[in-house]
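Hi there,

Here is the structure I promised to pass on. Have a look, and then read on for my notes.

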Amino acid sequence: MKFGQVENPEDIDFTLPPTAPETIALLKEYKNSGSFEAYVGCAKWNKADLKGFYPRGTKDELVYYAQQFNSIELNATFYNSPSKEQVITWREKTDEGFKFFPKIPQSVSHFGRLLNTDEKVAAFVDATVNFEDRLGMAFLQMHDNYKPKDFDRLQAFLEGFPKGYPLAVEVRNGEWFTDDAIQQKLVTLLEKTDKTNVIVDTAGRRELLHMRLTTPVAFVRYVGANHPSDYDRLSAWVARIKEWKDAGLQKLYFFIHQNVEVESPLLAAHFIAELNKAVGTQLGIPNKGKDNGQSTLF
């Protein structure tokens with residue numbers, strides 16, 4: 001994932017912006033529920049991307065990956081909408097407690113741009129409900145050139161999206177975030193339709209780091225810069241998640257990418273270990289791969 005990649009990450013101010021007051025107000029409505037779930041994973045399970053993560057002789061990468069992590073951001077469904085049979089195959093390779101977070105196909109978001117996509121959405125939903133208890137939350141990622149001038153199209157899509165199917169939304173064009181009125185209009189729509197506002201943390205697009213939740217779910221897509229600062233950035237996120245959990249956060253979906261994915265399991269292990277200490281979760285620490293967990297890049 002090279003979205004937001006920069007040549008000199010040491011020049012970027014990676015400080016997390018303060019939490020939006022509206023986020024704290026929303027979370028306080030759930031403070032007394034007493035429940036909290038955390039799912040942390042990578043974007044792929046391909047051996048070609050996660051070099052050194054799989055032990056020699058691993059026969060099935062998904063089976064091994066699901067023994068190490070409790071979730072996967074399923075980018076594969078972005079390129080091709082899966083069949084029911086494919087979904088069932090994936091599901092049967094994982095144990096209870098594991099969850100998939102499939103991306104809405106590009107035929108809907110990028111090529112169709114949310115127009116005349118009812119049949120494609122129905123096919124995607126009909127297939128992915130076969131994840132059953134392994135289904136976490138799907139997410140819709142719009143192209144960087146999808147702008148607020150097409151707000152009505154997004155509104156119609158979200159209002160018509162199948163009820164009861166969990167969905168998060170990621171818009172990327174800067175115009176959604178640089179105008180307070182436009183951002184508020186988007187947030188209101190997401191709250192009204194019970195859709196989760198995706199937060200993206202990537203070096204070259206700091207405006208996407210909006211800190212505005214629309215449900216008691218934090219769906220964070222973190223992109224490391226293949227730089228030593230990646231670890232400190234993740235530590236800052238642990239502190240922020242603790243703040244949100246104390247305020248009433250119900251669920252955390254946190255997915256770790258890198259511009260060069262080889263280091264993602266290392267970063268995930270670091271994040272999970274610190275999260276367990278900070279908020280009391282008991283997530284398993286994934287295998288760090290070769291060289292006893294020492295970084296191969298920095």
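Below is what I found, taken by topic.

First, confidence. This is a predicted model. The protein chain averages a pLDDT of 93, and 96% of the residues score at least 70. The stretch to treat separately is residues 291–298, where pLDDT stays under 50; the model has 20 contacts beyond four places in sequence for it.

Next, the salt bridges. A search of the whole structure finds 19 of them. One is between Arg 221 and Glu 170, whose side chains meet at 2.8 Å, N to O. This pair links distant parts of the chain, with Arg 221 in strand β8 and Glu 170 in strand β5, 51 residues apart. Arg 221 is buried, with a relative accessible area of 1%, and Glu 170 is buried too, also with 1%. Salt bridges that share partners join Glu 73, Glu 170, Arg 172 and Arg 221 into one network.

Another salt bridge pairs Arg 205 with Asp 144, with 3.1 Å between the closest N and O atoms. Here Arg 205 sits in the loop between β7 and β8, and Asp 144 in the loop between β4 and α7, 61 residues apart. Arg 205 is buried at 12% relative accessible area, while Asp 144 counts as partly exposed at 32%. Glu 92 and Arg 91 also form a salt bridge, their closest N and O atoms being 3.8 Å apart. Glu 92 is exposed at 59% relative accessibility, whereas Arg 91 is buried at 14%.

Helix α7 covers residues 151–160, and its buried residues are Phe 151, Leu 154, Phe 157 and Leu 158. These lie on the same side of α7, because they cover an arc of only 125° around the axis. Asp 152, Ala 156 and Gly 160 are exposed on the other side of α7. The buried residues pack against several elements, including α5, α6 and β4.

Helix α5 holds Ser 109, which is buried with a relative accessible area of 0%. The side chain of Ser 109 makes a polar contact of 2.8 Å with the side chain of His 110. Ser 109 and His 143 are 34 residues apart along the chain, yet 7.1 Å separates their C-alpha atoms.

Finally, Thr 196 lies in strand β6 and counts as buried at 2% relative accessibility. A polar contact of 2.8 Å joins its side chain to that of Thr 215. Beyond four places in sequence, the contacts of Thr 196 include Met 137, Leu 167 and Phe 219.

Best wishes

Note on methods
Residues numbered from 1 in each chain as written. Predicted model: local features only at pLDDT ≥ 70, side-chain atom pairs only at ≥ 80, totals over all residues. Heavy atoms only, no water. Helix = DSSP H or I, 4+ residues; strand = E, 2+ residues; numbered from the N terminus. Buried < 20%, exposed > 50% of the residue type's maximum accessible area, 1.4 Å probe, protein only. Polar contact = N/O pair within 3.5 Å; in protein donor to acceptor, adjacent residues only side chain to side chain. Contact = heavy atoms within 4.5 Å. pLDDT = per-residue confidence, 0-100. Arc of directions from axis to C-beta. Salt bridge = Lys/Arg side-chain N within 4 Å of Asp/Glu carboxyl O.
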